[in-house]
Amino acid sequence: MQRFRQDHLDTTENPLAIEVRGITKTYGPATVLDDVSLEIRPGEFMTLLGPSGSGKTTLLNVIAGFVHPDRGRLLIGDEDVTDKPPHRRGIGIVFQSYALFPHMNVAENVAFSLKARRISRAEAGPMVANALSLVKLEGFGERRIDQLSGGQKQRVALARAIVFQPKLILMDEPLSALDKQLREHMQIEIRALHERLGATTIYVTHDQREALTMSNRIAVLNRARIEQLGTPFEIYDTPTSAFVADFIGEAVLAGVSRCDDYSVLLDGRRMMCASKVPIGNDLVLVIRSEKLRLAEAAAENQIPAIVRKRIFQGESHLLFAETANGLTFTVRQPSHVESDGLLPGEGGSANFSLHPAHTVVVRRDPKAEY
Amino acid sequence: MRRGRERSSLASLLLSGLGIAVLIFLVMPIFIVVPMSFSASRFLSFPPTALSPRWYLEFFGSPEWTRAAWVSLQIAFATCLLATPIGVAAAYGIHTSSSRFSRAAYTVLMMPLMVPHIIVAIGIFFIYARIGANNTVVGIILAHTMLAVPFVLITSLSGLQGFDMAQERAAQSLGVNRLEAFLKVTAPQIKGSIIASALFAFVSSLDEVVVSLFLSGGPSSTLPKRMFVALRDEVDPTIAAISSMLIIASLAIGLAAMVGTRKRA
């Protein structure tokens, strides 16, 4: 049996690597996971990001052991656990609905895993107290579950999942039921908790901002496959598919034709690209609204346009622009007294520029609707 | 406007009148049978001319009646012990599974409630005749179990409705197997429904007449069967006394079951 430290939930000594090898799962005619492979490093915070129905939750359930894959293997550490039942995998899981046990109080909920491991009451007590203090719920042990707010339930669910010092923690959209402010606060807290515990963490969400905020790496899932795997920076700035470009951030995908390896033709203008343009006749340019700038005279990749609409949104202005040839796109400019005066008004014209590093060209997704 | 209001008040008057009539109709037998049971007369009569507990004493003094009552209680108890786990397990399976088979299983298990009891009784009678199970206590227990399972199934399913199955997965992730997860997490939360369904199973067996009429006889005769026979041969108020006791018992159990289902929060 695993040895427990009595009063400290500190850094997990050996966080585990996870290897998903060619996992396929079908339900009747529907393929939910299509030959998915993914390697997660020890101690990593990996987010599975995707729209509903992309397969992210099924992949999490395969790792948890609740869903048995039709094909493929799953390795945790060096051990093949594909056929191991969930209760012997030793994974801490936070569920979307919290799944707290309403017939037990907070302390009993948190102590459930310790009781299952036949840890004595004397030993379990400090461990429960420590887990509760880690989620800032000291003194809540005797509370009934129905006396807790949503945020507190979320914390109890977290404490329950970490108290037995799992080397792998799974979280299935744990913050989706919280309001925006609390959600953003918990994102930072979970991130800090991960840094403190050091356990490998797999996090499922459909919220791109949450994924960007929390993760070491993000796997973007779409239609049962991983579309792109990378750091938040890579996923955002250099999407490799039209789906990822469209799903993350605020972007317009404009059809372009290839000039050479490092330039494309947009709306009759040559745009320089910092990275190599893919081969194909179905190319689109990713125009992220906040990457556009009011062009200085010598700027590269200029797009002259007329501002059709200008909307003030607090921290920024959103401009709807249109070129002479009818190409439309949006531009987001931070709101500041020093720059607001330079912004064109509705009906005004302006030159916008897109830095070559932000001039990202991908192939159009043949199956997607835009 | 005014006419509309009057009409609606007339309608609501009629509706409450009808409601009260239905209620009276439903409880009338109780108000007739219970006074009859305390009659001092030799025959069933209403209203009784003089009151006496003699028919209750008659019941407890008669070995034939007490034996039948004992048989009925044993059968009801055994039925309850068999039907409750079967029905709860079936409800659990049907609730958790999304397969088409589970819908079919539900229909089959509910069948005894839809098929007239007399048909069920005839069918079982012929099968039992072949295997020599007629007039045996075990035979009646099995038949009653079949009839009780739908009650258990319905009650337990309603208990599971709204129960978040993620709780069981949570329990498993915390280190207990599926059975333990059910016993430690699910069962305590649907306890009320399980107890209620067990009580329903008990009462359904205790009250059952039609199947017992066909399948039981001699020493395996149940109380309702004996009452039926007695009613045909000699009409004396002992039957009213037994009925009164059965009514009280059923009411008590039924109320307990209702409290049990209500408690589920």
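What follows is a short exchange on how the labels in this predicted model are assigned.

Visitor: What are the ground rules for residues, chains and confidence?
Guide: This is a predicted model, in which local features need pLDDT of at least 70, side-chain atom pairs count only at pLDDT 80 or more, and totals for chains, interfaces and linings use all residues. Residues are numbered from 1 along each chain as its sequence is written, chains are lettered from A and ligands numbered from 1 in the order in which they are written, and side-chain values use heavy atoms, with hydrogens and water left out.

Visitor: How many helices and strands does chain A have, and what counts as one?
Guide: Chain A comes to nine helices and 21 strands. Both are DSSP runs, numbered from the N terminus: helices are H or I with at least four residues, strands are E with at least two.

Visitor: What percentage of chain A counts as buried?
Guide: Of its 370 residues, 51% do. Buried means under 20% relative accessible area, exposed means over 50%, and partly exposed lies in between (1.4 Å probe, protein chains only). The C-alpha trace of chain A spans about 75 × 50 × 35 Å along its principal axes.

Visitor: Why are α2(B) and α3(B) called roughly perpendicular?
Guide: Two packed helices are described by the angle between their axes and the distance between the axes. Helix α2 (residues 54-61) of chain B meets helix α3 (residues 63-96) of chain B at about 75°, with the axes 5 Å apart. The axes are lines fitted to C-alpha atoms over the stretch in contact, and angles run from 0 to 180 degrees between N-to-C directions. Under 35 degrees is roughly parallel, over 145 roughly antiparallel, 65 to 115 roughly perpendicular, and the rest oblique. The pair is therefore roughly perpendicular.

Visitor: What makes the contact between α2(B) and α3(B)?
Guide: From α2(B) come F59(B), F60(B) and G61(B); from α3(B) come P63(B), W65(B), T66(B) and A69(B). Contact means heavy atoms within 4.5 Å. By class there are five nonpolar, two polar and no charged residues. Ala, Val, Leu, Ile, Met, Phe, Trp, Tyr, Cys and Pro count as nonpolar, Asp, Glu, Lys and Arg as charged, and the others, Gly among them, as polar. Ring pairs also link F59(B), F60(B) and W65(B) into a cluster.

Visitor: How do you know that a charge sits over W65(B)?
Guide: The rule asks for NZ of Lys or CZ of Arg within 6 Å of the ring centre and within 35 degrees of the ring normal. The charged end of R226(B) is 4.7 Å from the centre of the W65(B) ring and sits over it.

Visitor: Why is the pair F45(A) and Y203(A) called tilted?
Guide: Rings of Phe, Tyr and Trp (its six-membered ring) pair if their centres lie within 6.5 Å; planes under 30 degrees apart are stacked, over 60 edge-to-face, and the rest tilted. By this rule there are eleven aromatic pairs over all chains. Here the centres are 5.6 Å apart and the planes stand at 35°, so the pair is tilted. F45(A) lies in strand β3 (residues 45-49) and Y203(A) in strand β8 (residues 200-205) of chain A, 158 residues apart.

Visitor: What makes F243(A) and F247(A) a stacked pair?
Guide: Their centres are 5.4 Å apart and their planes at 15°, so the pair is stacked. Both lie in helix α8 (residues 242-247) of chain A, four residues apart, about one turn of the helix. F243(A) counts as buried, at 12% relative accessibility.

Visitor: Why does E173(A) count as buried?
Guide: Its relative accessibility is 8%, so E173(A) falls in the buried class. E173(A) lies in the loop between β7 (168-172) and α5 (180-197) of chain A. E173(A) has a positive phi of about 40°, although it is not a glycine.

Visitor: Why is D267(A) called partly exposed?
Guide: Its relative accessible area is 24%, so D267(A) is partly exposed. The residue sits in the loop between β13 (263-266) and β14 (269-272) of chain A. Phi of D267(A) is near 55°, a positive value in a residue other than glycine.
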